[in-house]
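Hello,

Here is the structure I promised to pass on. Please open it alongside this message.

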Amino acid sequence: AKRNLDRAIAMLGEGLTGPAADTAISALLQRARIASYVDGEADKALPLLDRAEAIRKANPGHSPLAEARILRGRAEAFGWKSDYPRAIAAGRQALAAIPDGADFQTALERGMTADTLAETLFYGESGAVAEPIYRQSKAHLQRAVALYPASRHARGLLARAGWTLGSTVL
């Protein structure tokens, strides 16, 4: 996956617009997640997220969820670095950046972003502070599943949300 994403990112180049910009942002976000989660090299994720942000800024209004996804990536990377103040700040910014909407993608993004924020709050502050955000995450993911019941991804995230909330409450 790393090799394929690196190749795709290199092929896309610079000065991207339209669907190519969205593809590049997506590839950079996925590569940053691998750097943080799989490789344990969150420092390598941050330049990838910087590049995604530069592409997003060059294409204002094109992908309404891109800003939130990039900020969520930052929250995840800072969380993996145990830099909880920056992780919490990025998570809060990410949640605030999600535009209003009742569609599946917005509900899914709200659920994933709330989960990221809750995780950073859990480890950076306390379970008691994280609990209401875990509840928000679960509610958003329940909405996403209601909107698109066939989504295995949303169902998996909802199952995890139930587990994280339950383990936090205990």
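Below is what turned up, grouped by region.

Please keep in mind that this is a predicted model.

**The cores**

The largest nonpolar core has 24 residues. Ile25, Leu28, Leu49, Ile55 and Ile70 touch the most other members. Helix 1 (2-12), helix 2, helix 3 (42-58) and helix 4 each give two or more residues to this core. Helix 2 supplies the largest share, 9 residues.

Leaving aside residues up to four places away in sequence, Leu49 touches Leu29, Ala32, Ile70, Gly73 and Arg74. There is also a second, separate core of 16 residues. Ala94, Ala114, Leu121 and Ala130 are among its members.

**Arg31**

Arg31 sits in helix 2 (residues 18-38). Is Arg31 buried or exposed? Its relative accessibility is 13%, so Arg31 counts as buried, the cut-off being under 20%. Which residues does Arg31 touch, not counting those up to four places away in sequence? They are Lys2, Leu5, Asp6, Ile9, Asp39 and Leu48.

Two of these contacts deserve a look. The side chains of Arg31 and Asp6 are joined by a polar contact of 2.9 Å. Arg31 also forms a salt bridge with Asp39, with the closest N and O atoms 3.9 Å apart. Asp39 has a relative accessible area of 24%, so it is partly exposed.

**Other salt bridges**

The whole structure holds 15 salt bridges. Here are some others to display.

- Arg56 and Glu53: their side chains meet in a salt bridge of 2.7 Å, N to O. Both residues are buried. They are about one helical turn apart, because they lie 3 residues apart in helix 3.
- Asp115 and Arg160: their side chains meet in a salt bridge of 2.8 Å, N to O. This pair links distant parts of the chain, 45 residues apart. Asp115 is in helix 6 (residues 104-124), and Arg160 is in helix 8 (residues 152-169). Asp115 is buried, with a relative accessible area of 14%. Arg160 is partly exposed, at 33% relative accessibility.
- A network of salt bridges links Arg33, Arg69, Arg72, Glu76 and Glu109.

Trp80 belongs to helix 4 (residues 66-80). Its relative accessible area is 47%, so Trp80 is partly exposed. Together with Tyr37 and Val38, Trp80 makes a nonpolar surface patch of about 340 Å².

Ser82 is in the loop between helix 4 and helix 5. What is the phi of Ser82? It is positive, about 60°, although Ser82 is not a glycine. Most residues other than glycine have a negative phi. Ser82 counts as partly exposed, at 47% relative accessibility.

Ala89 lies in helix 5 (residues 84-97). Ala89 is partly exposed, with a relative accessible area of 38%.

**Where to start**

I would display Arg31 with Asp6 and Asp39. Then turn to the pair of Asp115 and Arg160. Finish with the patch made by Tyr37, Val38 and Trp80.

Best wishes

Conventions. Residues numbered from 1 in each chain as written. Predicted model: local features only at pLDDT ≥ 70, side-chain atom pairs only at ≥ 80, totals over all residues. Heavy atoms only, no water. Helix = DSSP H or I, 4+ residues; strand = E, 2+ residues; numbered from the N terminus. Buried < 20%, exposed > 50% of the residue type's maximum accessible area, 1.4 Å probe, protein only. Polar contact = N/O pair within 3.5 Å; in protein donor to acceptor, adjacent residues only side chain to side chain. Contact = heavy atoms within 4.5 Å. Patch = residues over 30% accessible without salt bridge, like charges linked within 9 Å, V, L, I, M, F, W, Y side chains within 5 Å. Areas by Shrake-Rupley, 256 points an atom, 1.4 Å probe, with all protein chains shown as cover. Salt bridge = Lys/Arg side-chain N within 4 Å of Asp/Glu carboxyl O. Core = buried A, V, L, I, M, F, W, Y, C linked by side-chain atoms within 4.5 Å.
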